[in-house]
Amino acid sequence: DTHCLELCAGPNCGKHTALAAYAEKYCADKSEIKYVPCMRMCGKGPNVKFDGKLYHKADESLLRRLLEEEREK
């Protein structure tokens, strides 16, 4: 199953290029990656949605954990 990973590309979250690079490198084969306009949660960013659920303060370990949890289901 392919999952949907949405990365906020707003002015603050979009500065986290390492997170986007990680997603492109390690998540693209397991998830459809979309860059969406500002999610309007700038103070809590970087923000991502995984299969419709919003996550704040996202980093590489969060993305890894989300994909691992889905694999175990």
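Lys-30 is partly exposed, with a relative accessible area of 28%; in this report buried means under 20% relative accessible area, exposed over 50% and partly exposed in between (1.4 Å probe, protein chains only). The model is predicted, so local features need pLDDT of at least 70 and side-chain atom pairs count only at pLDDT 80 or more, while totals for chains, interfaces and linings use all residues. Residues are numbered from 1 along each chain as its sequence is written, and side-chain values use heavy atoms, with hydrogens and water left out.

**Salt bridges**

The side chain of Lys-30 meets that of Asp-29 in a salt bridge, at 3.1 Å from N to O. A salt bridge is here a side-chain nitrogen of Lys or Arg within 4 Å of a carboxyl oxygen of Asp or Glu. Asp-29 is exposed, at 63% relative accessibility. A search of the whole structure finds two such bridges. The other pair is Glu-69 and Arg-65, with the closest N and O atoms 3.7 Å apart. Both of these residues lie in helix H2 (residues 60-72), four residues apart, which is about one turn of the helix. Helices (H or I, at least four residues) and strands (E, at least two) are DSSP runs, numbered from the N terminus. Side chains of opposite charge can pair when their charged atoms come close.

The table gives the accessibility of the residues in these pairs.

| Residue | Relative accessibility | Class |
|---|---|---|
| Lys-30 | 28% | partly exposed |
| Asp-29 | 63% | exposed |
| Glu-69 | 38% | partly exposed |
| Arg-65 | 43% | partly exposed |

Six of the six residues of strand S1 (residues 3-8) are buried, so the strand is largely enclosed by the rest of the structure. His-3, Leu-5 and Leu-7 point one way from S1, whereas Cys-4, Glu-6 and Cys-8 point the other way. In a regular strand the side chains alternate between the two faces of the sheet.

S1 runs parallel to strand S2 (residues 31-36), and six bridges join them; two strands pair if DSSP finds at least two bridges between them. Within S2, Val-36 is the bridge partner of Cys-8. Together with helix H1 (residues 17-26), S1 and S2 make a right-handed β-α-β unit. Right-handed here describes a path that runs clockwise from the first strand over the helix to the second, with the strands pointing away from the viewer. S1 also pairs with strand S3 (residues 48-50), in the antiparallel sense and over three bridges. There, Glu-6 stands opposite Lys-49 of S3.

His-3 belongs to strand S1 and is buried, with a relative accessible area of 14%. Its side chain makes a polar contact with the side chain of Asp-51 at 2.6 Å. A polar contact is a pair of N or O atoms within 3.5 Å; within protein, one must be able to donate a hydrogen and the other to accept it, and residues adjacent in sequence count only if both atoms are side-chain atoms. Not counting residues up to four places away in sequence, His-3 touches Lys-30, Ser-31, Glu-32, Phe-50, Asp-51 and Glu-70, where contact means heavy atoms within 4.5 Å.

**Backbone features in the loops**

Asp-51 lies in the loop between S3 and strand S4 (53-55) and is partly exposed at 39% relative accessibility. Although not a glycine, Asp-51 has a positive phi of about 50°. Arg-40, also not a glycine, has a positive phi of about 60°. Arg-40 is placed in the loop between S2 and S3 and is exposed, with a relative accessible area of 71%. Pro-46 is found in the loop between S2 and S3, and a cis peptide bond with omega of about 0° joins Gly-45 to Pro-46. Most residues other than glycine have a negative phi, and most peptide bonds are trans.
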